[in-house]
Amino acid sequence: MGKFVTFGEIMLRLSPNGYERFVQANKFNVFFAGGEANVAASLANYGLDSHYVTKLPAHEIGQAAINEMRRFGIKTDYIVRGGDRIGVYFCEKGASQRPSKVIYDRANSAIAEAKRDDFDWKKVFEGVEWFHFTGITPALSDNCVEITLDALKAAKEAGATISVDLNYRKKLWSTEKAGKVMAELVKHCDVVIANEEDAEKVFGIKAGKTDVTEGKLCDEGYKAVAKELYDRFGLKYVAITLRESYSASDNGWSGMLYDGKNYYKSKKYDVHIVDRVGGGDSFCGGLIYGLSSGMDNQSALEFAAAASCLKHTIEGDFNMMSVDEVMNLMKGDASGRVQR
């Protein structure tokens, strides 16, 4: 296999202990995280040649982020150093009927202020097999829109398979701007991944008979969503993660895949959540691994769903599961018994 490249913003995540609220906390746990970095971590854990591209300040916190990625096997050769700050987000974990909360402090981060000539995409994509990004990155700044488009054109020219997680963030941009920008970027993609709300927020494509606030999802409605995305953008695959939110602590979790001919639905997992942030990214990482490693479509989807189910049991944003551990769950070992 060739190189697997992701591009985006890695951030400093600060979280209170356990289920404390922000107003209770007198100390915070430190993680490094970001949608595309989370995917890179999954791919590295699966033994792939995983590379992450971003821009980080040339100070100790920027270096700490790089060190954390290297710790998990992510290659950082193409990270550009410069700018004044790393983005920060605060994450308060919800429980039962109290939702999780995220507060961003990411304005004017190094990657948001990056320039097009910071990145040598031709060099980055030498020997590339797959390129992945999310809708978060172009939402950071107009510069990031241009940089992402440069990356997509270079990745396509290099022969990469390109995937995008729509990942709409209302705190970063409007639905109108997201729709306009992402329509241009998705034209270059082969695989689109979305959750139960993204297609509606970004492209106005709504699933019928669905109410995400009540945890009610309709498979037939999402089949229509997948087909419309597939047809509109001339894709190879559309994948949709399906989260049924019974409460902040317990969710139903499954996935759907459409290849233009057939719809595939994964097993549904009832998950008791330790940390849900990064769950969608772990699905992306699992799907990329499954599709690139020669699995059939159903198996690739099952691997992605099982991987993301397991991520919900891990503190922090990175999914620290091996291929064998994911395969065991795929094969039905969901007992949670001690492995001796």
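Trainee: Which residues form the positive surface patch?
Mentor: Keep in mind that this is a predicted model. The positive patch on its surface is made by Lys101, Lys170, Lys171 and Lys201.

Trainee: Where is Lys101 found, and is it buried or partly exposed?
Mentor: Lys101 sits in strand β8, residues 101-105. Its relative accessibility is 43%, so it counts as partly exposed.

Trainee: OK, salt bridges next. How many does a search of the whole structure find?
Mentor: The search turns up 19 salt bridges. One of them joins Glu68 to Arg71, with the closest N and O atoms 3.4 Å apart.

Trainee: Where do Glu68 and Arg71 lie?
Mentor: Both are in helix α2, residues 60-71, and they are three residues apart, about one turn of the helix.

Trainee: Why does a spacing of three or four places matter in an α-helix?
Mentor: There are 3.6 residues a turn, so residues three or four places apart point the same way.

Trainee: And Arg71, buried or exposed?
Mentor: Arg71 is exposed, at 62% relative accessible area.

Trainee: Which residue does Lys93 meet in a salt bridge?
Mentor: Glu315, at 2.9 Å from N to O. That pair ties together distant parts of the chain, 222 residues apart: Lys93 is in the loop between β7 and β8, and Glu315 is in the loop between α10 and α11.

Trainee: What about burial for those two?
Mentor: Lys93 is buried, with a relative accessible area of 8%, whereas Glu315 is partly exposed at 40%.

Trainee: Which residues are linked with Arg13 in a network of salt bridges?
Mentor: Asp275 and Asp317 are linked with Arg13 in that network.

Trainee: Why is α9 described as largely enclosed by the rest of the structure?
Mentor: Because 13 of its 14 residues are buried, meaning under 20% relative accessible area. After α9 comes Gly294, with a positive phi near 95 degrees.

Trainee: How far does α6 reach, and which of its residues are buried?
Mentor: Helix α6, residues 175-186, reaches 15 Å from its first C-alpha to its last, close to the expected 16 Å. Its buried residues include Ala178, Met182 and Leu185.

Technical notes:
Residues numbered from 1 in each chain as written. Predicted model: local features only at pLDDT ≥ 70, side-chain atom pairs only at ≥ 80, totals over all residues. Heavy atoms only, no water. Helix = DSSP H or I, 4+ residues; strand = E, 2+ residues; numbered from the N terminus. Expected span 1.5 Å × (residues − 1). Buried < 20%, exposed > 50% of the residue type's maximum accessible area, 1.4 Å probe, protein only. Patch = residues over 30% accessible without salt bridge, like charges linked within 9 Å, V, L, I, M, F, W, Y side chains within 5 Å. Areas by Shrake-Rupley, 256 points an atom, 1.4 Å probe, with all protein chains shown as cover. Salt bridge = Lys/Arg side-chain N within 4 Å of Asp/Glu carboxyl O. Lys, Arg positive; Asp, Glu negative; His and termini not counted. Charge placed at Lys NZ, Arg CZ, Asp CG, Glu CD.
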